[in-house]
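Subject: Structure handover

Hello,

Please find the structure below, followed by notes on what was found in it. The notes begin with the ligands and then turn to the protein itself.

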Amino acid sequence: MKKRLFSGIQPTGLLHIGNYFGAIKNWIKLQEEYSGLFCIVDYHAITISYEPKKMPQRILDLAGDYLACGLDPKKSIIFVQSAVAEHTELAWILSTITSLGDLKRMTQFKEKSKQNTENVNAGLFNYPVLMAADILLYKAQVVPVGDDQRQHVELTREIARCFNKKFGETFPSPKSLLTKGSRLMSLTDPTKKMSKSYGPESYIALSDSKETIYRKLSTAMTDPARKRKTDPGTPEKCNLYTLHQLVSDKKDLDYVVEGCTQAKIGCLECKKLLAENIFKELKPIQERRKKLKEKEIKKTLLEGAKRAKEIASQTMREVKKNMGLS
Ligand code: AMP
Ligand code: TRP
């Protein structure tokens, strides 16, 4: 039997290339080898303030993006978290064996509670418990995510270990799977992670046109030590070289490294090539996205929820039995 894989993204707006190179591109490859569940985690998204009227469209848009990027409903289960009630049921159970100290240590909670001072709710604090429930409900062994989610997967392992010790062997120990692009940095401040929170100029959206990509790159920070065009650069210190490594072939990489270190080409030329190569990767996704019909997306989600629910209800029966519950 194939090993099981689980991952998810919150429907909080546009996807950026950090989400793509950090997670989704890897999902597409892994869906061949694993039995995958790819979730739209709307219950996670409501832990920060949002507009209820916009949520249904955001969910459909994210599902459409999953399909356009190459997730295949014939190979994987694609579904919405709130359509499978067992996620929150298991989250409650797991919250009773999760240590408060562990939750207080979570970097994402500390960051998000600083960013949303007007709404630091208990759901935001319990966010990693719901994430552990997502993963354990399907007994997933692997969790492909970006670097920022590694700590949450570690906590999931700890929760699984604790449950198994108290109530008998029930859950496998899940591992995170990271890619080379697991931590892309912001275009406007390379000391920070690329994220929607720093505004549209700081990231490249999957839906950006070639012109927009070039415009964003042309003002992006490069190697801070390179002050003049005639100075030689150091690609390994340059945020944009990291992106080149994800999208450019060997010929282009050699050209950029030689041109930059010997000051034969300027940053603008390097950025133009980068814009072209990023767009080459995004163009087929954008074309597939345009062709997708909403009806088709809704059907995929309905079918996905049905298949997810079958696995989820089986796990819940086992969990309750092991715990002496009804
Ligand atoms: P989010 O948009 O926070 O729900 O993230 C969705 C997925 O993208 C998660 O697996 C994140 O770890 C990943 N991700 C988010 N930002 C980045 C980034 N800057 N670089 C790489 N991966 C990222
Ligand atoms: N917390 C993840 C993020 O912010 C999203 C997520 C929720 C997730 N549940 C998950 C990722 C389970 C992997 C597995 O990106």
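**Ligand 2**

The side chain of tyrosine 127 has an N or O atom 2.7 Å from an oxygen atom of ligand 2; a polar contact here is a pair of N or O atoms within 3.5 Å, and within protein one atom must be able to donate a hydrogen and the other to accept it, with residues adjacent in sequence counting only if both atoms are side-chain atoms. The model is a predicted one, in which local features need pLDDT of at least 70 and side-chain atom pairs count only at pLDDT 80 or more, while totals for chains, interfaces and linings use all residues. Residues are numbered from 1 along each chain as its sequence is written, chains are lettered from A and ligands numbered from 1 in the order in which they are written, and side-chain values use heavy atoms, with hydrogens and water left out.

Two further polar contacts of ligand 2 involve glutamines. A nitrogen atom of ligand 2 lies 2.9 Å from a side-chain N or O atom of glutamine 149, and an oxygen atom of ligand 2 is 3.3 Å from a polar side-chain atom of glutamine 10. On its own, ligand 2 has 370 Å² of accessible area, of which the protein covers 92% (Shrake-Rupley method with a 1.4 Å probe; for residues, only the protein chains shown count as cover).

Strand E1 (4-9) and helix H7 (122-137) are the elements that give two or more residues to the shell around ligand 2; helices (H or I, at least four residues) and strands (E, at least two) are DSSP runs, numbered from the N terminus. H7 gives the most, with 4 residues. There are 13 residues around ligand 2, and Gln10, Tyr127, Met131, Asp134 and Gln149 come nearest (a residue is near a molecule or strand if one of its heavy atoms lies within 4 Å of it). By type, the shell has 7 nonpolar, 5 polar and 1 charged, where Ala, Val, Leu, Ile, Met, Phe, Trp, Tyr, Cys and Pro count as nonpolar, Asp, Glu, Lys and Arg as charged, and the others, Gly among them, as polar.

**Ligand 1**

Ligand 1 has 17 residues around it, with Gly18, Gly146, Asp148, Leu184 and Met194 nearest. Helix H1 (residues 17-30) gives the most to this shell, with 4 residues. The shell divides into 5 nonpolar, 9 polar and 3 charged residues.

The polar contacts listed here for ligand 1 are with the backbone. One nitrogen atom of ligand 1 is 2.9 Å from a polar backbone atom of methionine 194, and a nitrogen atom of ligand 1 lies 3.0 Å from a backbone N or O atom of glycine 18. Glutamine 10 has a polar backbone atom 3.5 Å from an oxygen atom of ligand 1. The protein covers 91% of the 480 Å² of accessible area that ligand 1 has on its own.

**Helix H9**

Ile213, Lys216 and Leu217 are buried in helix H9 (residues 210-218); buried means under 20% relative accessible area, exposed over 50%, and partly exposed in between (1.4 Å probe, protein chains only). These residues are on the same side of H9 because they cover an arc of only 95 degrees around the axis, taken from the directions from the helix axis to the C-beta atoms. Their cover includes helix H10 (239-247) and helix H12 (267-291), contact being heavy atoms within 4.5 Å.

**Buried polar and charged side chains**

Glutamine 286 lies in H12 and counts as buried at 17% relative accessibility. A polar atom of its side chain is 2.8 Å from the backbone oxygen of aspartate 208. Leaving out residues up to four places away in sequence, glutamine 286 touches Leu206, Ser207, Asp208 and Phe279.

Serine 182, in the loop between strand E5 (175-177) and H9, is buried with a relative accessible area of 18%. Serine 182 and alanine 23 are 159 residues apart in sequence, yet 7.3 Å apart in space, C-alpha to C-alpha.

**Positive phi**

Lysine 139, in the loop between H7 and strand E4 (142-144), has a positive phi near 50 degrees and is partly exposed at 23% relative accessibility. Alanine 263, in the loop between helix H11 (250-261) and H12, also has a positive phi near 50 degrees.

Regards
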